[in-house]
Amino acid sequence: MYEFLLLIVTVAFLMYKFVEQGGYKKCGPSGKSVLITGCDSGIGLSMAITAEKLGFHVIATCLDLKGYGANYMQQNNPNIFLVQMDVTKPAEIENVLQTVNENLQNTQTALWALINNAGVLVYGHFDWQLDYQIESQVQVNFLGILRVTKAFLPLIRRAKGRIINITSANGNWCLPGLSVYCGTKHAVEGFSNTLRIEMRPWNIKVILINPGNLPGSTRILSAQAQHAEAMKNHFDEEQKQMYGEYFDLFQHHLQTNFAAPNLNRDQPLNDARLNKMLESSLLLENPRPYYADIDLGFRMFMLVTKFLPTYYGDRLILKMWGN
């Protein structure tokens with residue numbers, strides 16, 4: 001009896017792992033290009049390096065071709081094709097589309113994957129944030145993805161390739177101080193989940209990757225101190241009275257728990273689990289629609305806050321964040 005139960009559990013586990021990995025049949029990288037946005041540092045730079053190691057021709061877009069990421073790739077990965085692009089500017093996207101078309105012809109490759117990675121994060125309550133901080137997050141994190149995807153979708157369709165959008169735990173869960181950022185990531189997930197259905201008849205895969213808690217390993221919060229100073233300088237008298245001490249405690253908590261002051265600028269991010277998720281997304285014939293690097297404890301916490309009545313779930317989140 002116990003042997004039979006053990007057999008059932010083992011078979012169920014193997015089937016789960018098989019489905020979890022989207023099946024094991026792989027596609028080869030030969031003749032395929034991958035276009036990645038936001039490769040100036042952090043996750044984008046890491047994925048560009050990993051995709052090249054997997055055998056793909058990589059086209060990496062950077063906001064600054066004289067910045068850290070572009071310089072690193074020029075010195076260490078010279079075969080990566082670098083292009084300057086601001087995802088908030090339609091004219092630049094159109095120019096890059098022409099450049100990519102020419103590069104695909106020169107390399108005799110097809111655009112197998114578009115990875116929408118470019119992102120901006122500004123920590124601060126909604127009523128603290130200035131218009132330009134709000135607009136920047138919406139423009140880059142969501143509208144930028146729409147623009148870039150629309151421009152390159154015909155090339156992806158020809159290759160029957162895939163669109164990979166980088167999301168966050170904040171795509172379906174929220175923390176105080178991230179109302180705008182959470183809004184953009186919720187939008188990205190809603191867009192991706194719908195686009196996946198729309199693209200199914202053309203055998204185009206749409207995949208979400210949640211890289212997990214990596215702000216402390218990237219430079220996404222490198223401008224947070226300047227953002228915080230700008231917010232505080234624009235407080236009116238009422239806001240100063242309401243938020244003065246709390247604002248300072250909030251920023252201190254943020255810097256203590258999420259900032260990355262001692263990053264080694266000579267070495268890009270190299271996260272084994274992120275690399276594995278990217279490999280599966282690019283190479284598996286039937287990848288999963290959603291990959292996430294979230295530890296079990298945090299997954300359980302997220303589930304608890306969702307199943308609790310909203311009042312108690314909100315209080316629990318505030319307790320975790322720190323009153």
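Okay, let's start inside: the largest nonpolar core has 35 residues, and the members touching the most other members are Ile36, Ala48, Met73, Ile115, Ile209 and Leu282. Keep in mind that this is a predicted model.

So who builds that core? On the strand side, E1 (32-36), E2 (57-62), E4 (110-116), E5 (162-166) and E6 (205-210) each put in at least two residues. Helices H2 (42-53), H3 (68-76) and H9 (272-283) also supply at least two each. H2 gives the largest share, with six residues.

Let's zoom in on Ile115. Leaving out residues up to four places away in sequence, Ile115 touches Val34, Leu35, Ile36 and Thr37, plus Met47, Ile164, Ile166 and Leu278.

On to a helix pair, H4 and H5. How do their axes cross? H4 covers residues 90-107 and H5 covers 131-159; the axes come within 10 Å, with a crossing angle of roughly 25°. That angle is why H4 counts as roughly parallel to H5. As for handedness, H4 and H5 make a right-handed crossing.

And which residues make the contact? From H4 you've got Pro90, Ile93, Val96, Leu97, Val100, Asn101 and Leu104. H5 answers with Arg147, Val148, Ala151, Phe152 and Leu155. By type, the H4–H5 contact has ten nonpolar residues, one polar and one charged.

Notes
Residues numbered from 1 in each chain as written. Predicted model: local features only at pLDDT ≥ 70, side-chain atom pairs only at ≥ 80, totals over all residues. Heavy atoms only, no water. Core = buried A, V, L, I, M, F, W, Y, C linked by side-chain atoms within 4.5 Å. Buried < 20%, exposed > 50% of the residue type's maximum accessible area, 1.4 Å probe, protein only. Helix = DSSP H or I, 4+ residues; strand = E, 2+ residues; numbered from the N terminus. Contact = heavy atoms within 4.5 Å. Axes fitted to C-alpha atoms, helices over the stretch in contact; angles between N-to-C directions. Parallel < 35°, antiparallel > 145°, perpendicular 65-115°, else oblique. Left-handed = near helix turned anticlockwise from the far one by under 90°. Nonpolar A, V, L, I, M, F, W, Y, C, P; charged D, E, K, R; others polar.
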